[in-house]
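I would ask you to keep the sequence and the structure in view while I speak.

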Amino acid sequence: MTLNDFRARLKSGNVAGWYIFGGEEDYLKRHYRGELSRAVLTDDAFEMFNHSVFDGQEMTLAAFRDALYAPPMMSDYKLIEWRHADLDKMKESDRSLLLDLASAREDYPYAIVAITALSDGFETGTDKRPSKLYTKLSSDFDILVFDKSTDSQLLSWLKKHFDAEGIAVDVSTVQAMLFRVGHSMQVLANELEKLCAYAKANGKSAVTVADVNDICSTTVECDAFAISNAIIEKNMEKAFLALTDMKQQRVEPPVVLAQLAKTYSELLSISLLIDEGRDADDIAEIMKFHPYRLKLYMSAAKKMGTKRLSASLESLIKTDTASKMGGIGGYKAVEMFITQNI
């Protein structure tokens, strides 16, 4: 079943069916599970009678069957949900019983079933090569698979939600948000809400890259670039703060040196590509960089220049070699390099 097919059912109000929501994107699974619930449970007074919810391993097929047998109260339909289901690890006897009940679903025309699988609890395979379990279940279930969203999809989704809030954003702002916050739709939704609340509280009709950097929380995905960001900003204070944080996390000095080497190597590669006359699109394709990150690196590479970047990378290699040959090592070597090159 495609998402467009499911949306059409929601729009028509004819949502009868047995559904499985699978895939890695938990935010979308919760969203469309909620849409289904709102379409089925239209009377709050009788919701407790017409909504059965089972969670994870607490669900038993006996309880599921009992909920299936009981007809709805003052409604044409009832909704039976199994959330956080691990379909891959079901006992074969339970799986057979579930399939038996599903194959007889016409005996329970009033029952709408929604199973929301854990992100790693239902291996679906691919369109061309679906998994054996997917193939088995698809004969009696309408299966919706929500894969992780691409950058392009996330940027479009963010823009759409900012527009709905009446807050203007440009491409750079949503790219900066994706870079700083990460790719979790739930975390992005929370940070988007913070930005909109901030803008409205301060009478602003738009949010900017500066607002994103001031308001949005960083994630591990972004923090991994903390010392790299300090380098491209040529901000020594930030570099030492990042280094202090790495010390507290017991990151070994050779690992820090390796990360510095990676950053300078990337900057040098970008600088050489710029020298060749390559544009941003070419460099993005070659380097496989996030657009916002590439913009920062290109700006830094232009300011530092190929000669200086090459010298810094050579100095870093010498620092690493010296630390391994009995010279100045540890964090002292890292600190000296930062002091001399930022």
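**A buried alanine, a helix pair and a surface patch**

Ala102 counts as buried, because its relative accessibility is 0% and the cut-off for buried is under 20%. Please bear in mind throughout that this is a predicted model.

Where does Ala102 sit? It is found in helix α5, which covers residues 92–103. Leaving aside residues up to four places away in sequence, Ala102 touches Trp18, Asp140 and Phe141.

I turn next to a pair of helices. Helix α8, residues 171–181, packs with helix α16, residues 291–324, at an angle of about 100°, and their axes are 8 Å apart. The two helices are therefore described as roughly perpendicular, because angles of 65 to 115 degrees fall in that class. Which residues meet here? From α8 they are Ser172, Gln175, Ala176 and Phe179, and from α16 they are Pro291, Tyr292, Arg293 and Lys295.

Finally, let us consider the surface. Met48, Phe49, Met73 and Met74 make a nonpolar surface patch of about 480 Å². One of these residues, Met74, lies in the loop between α4 (61–69) and β3 (78–85). Is Met74 buried or exposed? Met74 counts as exposed, because its relative accessibility is 68% and the cut-off for exposed is over 50%.

Thank you for your attention.

Conventions. Residues numbered from 1 in each chain as written. Predicted model: local features only at pLDDT ≥ 70, side-chain atom pairs only at ≥ 80, totals over all residues. Heavy atoms only, no water. Patch = residues over 30% accessible without salt bridge, like charges linked within 9 Å, V, L, I, M, F, W, Y side chains within 5 Å. Areas by Shrake-Rupley, 256 points an atom, 1.4 Å probe, with all protein chains shown as cover. Salt bridge = Lys/Arg side-chain N within 4 Å of Asp/Glu carboxyl O. Helix = DSSP H or I, 4+ residues; strand = E, 2+ residues; numbered from the N terminus. Buried < 20%, exposed > 50% of the residue type's maximum accessible area, 1.4 Å probe, protein only. Axes fitted to C-alpha atoms, helices over the stretch in contact; angles between N-to-C directions. Parallel < 35°, antiparallel > 145°, perpendicular 65-115°, else oblique. Contact = heavy atoms within 4.5 Å.
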